[in-house]
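Student: I have a model open and I'd like to learn how to read it. Could you take me through some features one by one?

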Amino acid sequence: MVTAPVGRLLWVGLIWLAGTLCWAADKPPGFALSSAHPDATAAGVEILEAGGNAFDAAIAVSAALAVVEPTGSGMGGGGFWLLHVAETGRQVMVDGREEAPSAATATLFQNDAGDVVPSLSRDGPLAAAIPGQPAALVHLAKEYGRLPLAQTLAPAIRLAREGFAVDGPLLARLAYRFQALSRSPAAARVFLPGGGLPEPGSLIRQPDLANMLEMLAEDGVDGFYSGEMAKRLVRGVRDAGGIWQLEDLANYRIKERAPVTFDVDGVRVVSASPPSSGGVVLKQVMQVLSLTHALEQPAVDRKHLVIEALRTAYRDRAAWLGDPDHVEMPIDRLTSEAYAREIAEAIDLERARKSADLIPPQTLIEEGEHTTHFSIIDADGNRVAATLTINLSFGSAFMVPGTGILLNDEMDDFSAKPGVPNAFGLIGTSANAVGPGRRPLSSMSPSFVETPDRVAILGTPGGSRIITMVLLGILETLDGSDATTIVSRPRYHHQYLPDAVYFEPGALSEAEMATLRGRGFTLKSAGREYGNFHAVVWNRSANTLDAAADPRGIGEAAVRSSSAEKVLGAAAD
């Protein structure tokens with residue numbers, strides 16, 4: 001059993017109290033943002049310099065990423081946009097998650113013998129849910145932006161029509177998904193010129209996508225979800241074996257949801273709510289770490305506690321969480337202090353628990369990786385943390401002819417069958433079963449962290465590892481780290497099943513590995529770095545801005561203050 005006074009987190013709470021007695025800036029001295037691609041960051045800067053706010057910039061960055069980073073997001077996908085409106089203090093999550101078509105059934109991806117056929121939910125139009133990103137961008141412009149949609153979409157339209165240069169990461173992922181993309185003639189024409197890989201530095205032009213964005217700018221949601229564009233999408237999907245109907249597009253709606261907001265010993269965290277599992281898991285884990293005095297423990301014991309807290313939280317994720325409009329979830333119980341205390345009391349610092357010894361998800365109830373993230377704060381203090389996705393790299397690898405739209409494969413985020421893992425190794429139950437109009441459970445965790453003197457805007461892609469990376473970023477923020485340290489720190493991960501700790505090179509020292517193995521943990525090197533974290537930090541006491549893009553990627557951060565402008569590369573100091 002590990003329980004202790006709150007310790008260091010209590011100390012943070014006292015600092016928060018002291019901070020209320022000290023001067024802190026009400027507004028940042030300028031703006032800052034970080035995204036996964038320099039062209040997308042430039043699009044955000046362009047809009048902010050033109051008088052747009054953080055929400056206008058979020059539209060520009062989202063659309064630009066859809067053009068220049070087709071491996072991670074797109075107009076054929078969706079995401080969560082976590083917003084803080086400075087004037088009112090309101091915090092809201094714009095849910096632009098994809099939605100299963102009305103003809104979807106619980107056995108859609110099973111064969112006649114009842115076995116799951118993984119390729120059905122990963123490649124081709126059957127794998128595609130109804131996209132939410134086009135509707136989300138229109139919603140942001142209408143409800144929160146200052147500038148017209150035609151202006152905020154202009155940078156993306158320009159990139160799509162004039163082209164962008166093929167970079168190393170894009171080329172590598174094109175090679176990885178070559179066969180799947182080759183099976184879609186429209187996708188192959190764009191990304192595989194002449195039937196092969198493009199030359200490094202050559203331009204990829206997407207005139208059909210530019211036309212689609214112009215239709216969205218002119219007609220709003222009708223430019224995508226009804227009329228000629230909707231007819232093209234449905235015809236293209238159904239001709240290739242999909243099950244979309246015109247009514248599926250017409251009935252899609254953006255939903256605004258209250259984020260998961262919690263205070264742990266004076267530190268406030270605001271994160272994504274269901275259909276994201278991020279905020280629920282983070283709240284449970286942070287409470288366990290508080291009760292076990294984790295931040296005051298030696299480094300190896302802190303890791304032990306983090307792993308054990310994640311083990312239970314990911315088990316509960318599998319058992320209970322799904323689309324809040326379709327599933328009753330015991331969130332109050334899962335995030336209660338009493339339950340956190342039960343978990344804390346079950347942790348033994350002398351030995352690892354085994355996931356097999358926990359009650360399995362199936363009996364608790366009856367019955368990147370390829371994503372992207374950006375963080376923005378403007379000079380008024382408005383802020384956006386947005387995590388967007390089309391699921392696997394290039395999504396379903398199917399482009400609807402004549403639209404430029406590369407469709408997602410978010411149907412793989414459902415539980416195709418209870419207990420059968422998806423592409424990220426996550427298992428689920430009927431709480432996340434395939435069903436008409438349902439939104440699949442997600443790990444995307446755009447988050448704000450508010451300490452007595454700082455505000456951090458955090459997030460990353462990474463599939464099932466997203467929540468763990470954001471958790472480690474929160475802990476790094478509480479340690480007082482700057483943005484570069486937050487996005488650069490080596491990572492480790494546990495998700496209940498498989499029962500192993502996966503870690504980046506350098507995340508665990510030799511001594512820590514020996515200790516953890518001696519306590520019974522199974523350790524497995526990820527064999528590579530993973531994630532693409534983006535952080536913006538506003539130091540309210542000093543009234544300074546700091547931003548950083550993950551050195552693992554090619555992204556870029558930009559900071560503009562009243563005295564100077566800085567554009568920071570991925571490996572910025």
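Student: Is N432 buried or exposed?

Tutor: We call a residue buried under 20% relative accessible area, exposed over 50%, and partly exposed in between, using a 1.4 Å probe and protein chains only. N432 has 7% relative accessibility, so it counts as buried. Before we go on: this is a predicted model, where local features need pLDDT of at least 70 and side-chain atom pairs count only at pLDDT 80 or more, while totals for chains, interfaces and linings use all residues. Residues are numbered from 1 along each chain as its sequence is written, and side-chain values use heavy atoms, with hydrogens and water left out.

Student: Where does N432 sit, and what does it touch?

Tutor: Helices (H or I, at least four residues) and strands (E, at least two) are DSSP runs, numbered from the N terminus. N432 is in the loop between β12 (405-406) and β13 (447-450). Contact means heavy atoms within 4.5 Å; not counting residues up to four places away in sequence, N432 touches L321, D413, F414, S415, R438, P440 and L441.

Student: Which backbone oxygen does the side chain of N432 reach?

Tutor: A polar contact is a pair of N or O atoms within 3.5 Å; within protein, one must be able to donate a hydrogen and the other to accept it, and residues adjacent in sequence count only if both atoms are side-chain atoms. Here the N432 side chain reaches the backbone oxygen of D413 at 2.8 Å. S121 has a relative accessible area of 2%, so it is buried.

Student: How do I check a helix, say α10?

Tutor: Compare its length with the expected span, which is 1.5 Å times one less than its number of residues. For the 13 residues of α10 (residues 207-219) that gives 18 Å, and the end C-alpha atoms are 18 Å apart, which agrees. Next, look at burial: L209, A210, M212, L213 and L216 are the buried residues of α10. Taking directions from the helix axis to the C-beta atoms, these buried residues fall within an arc of 160°, so they line one face of the helix.

Student: What is the strand order in the six-stranded sheet?

Tutor: Two strands pair if DSSP finds at least two bridges between them. This open sheet runs β7-β8-β13-β14-β18-β19, with antiparallel pairing. β7 (260-264) and β19 (544-549) are at the edges with a single partner strand each, so one side of each has no neighbour in the sheet.

Student: What should I look at around β14?

Tutor: Start with its partners. β14 (residues 454-459) pairs with β18 (residues 534-539) over six bridges, with R454 opposite N539 and I457 bridged to V536. On the other pairing, β13 and β14 share four bridges and form a hairpin with three residues between them. Then check the faces: R454, A456 and L458 on one side and V455, I457 and G459 on the other are all buried. For directions, axes are lines fitted to C-alpha atoms, for helices over the stretch in contact, and angles run from 0 to 180 degrees between N-to-C directions. Helix α19 (residues 466-478) lies across β8, β13 and β14, at about 160° to β14.
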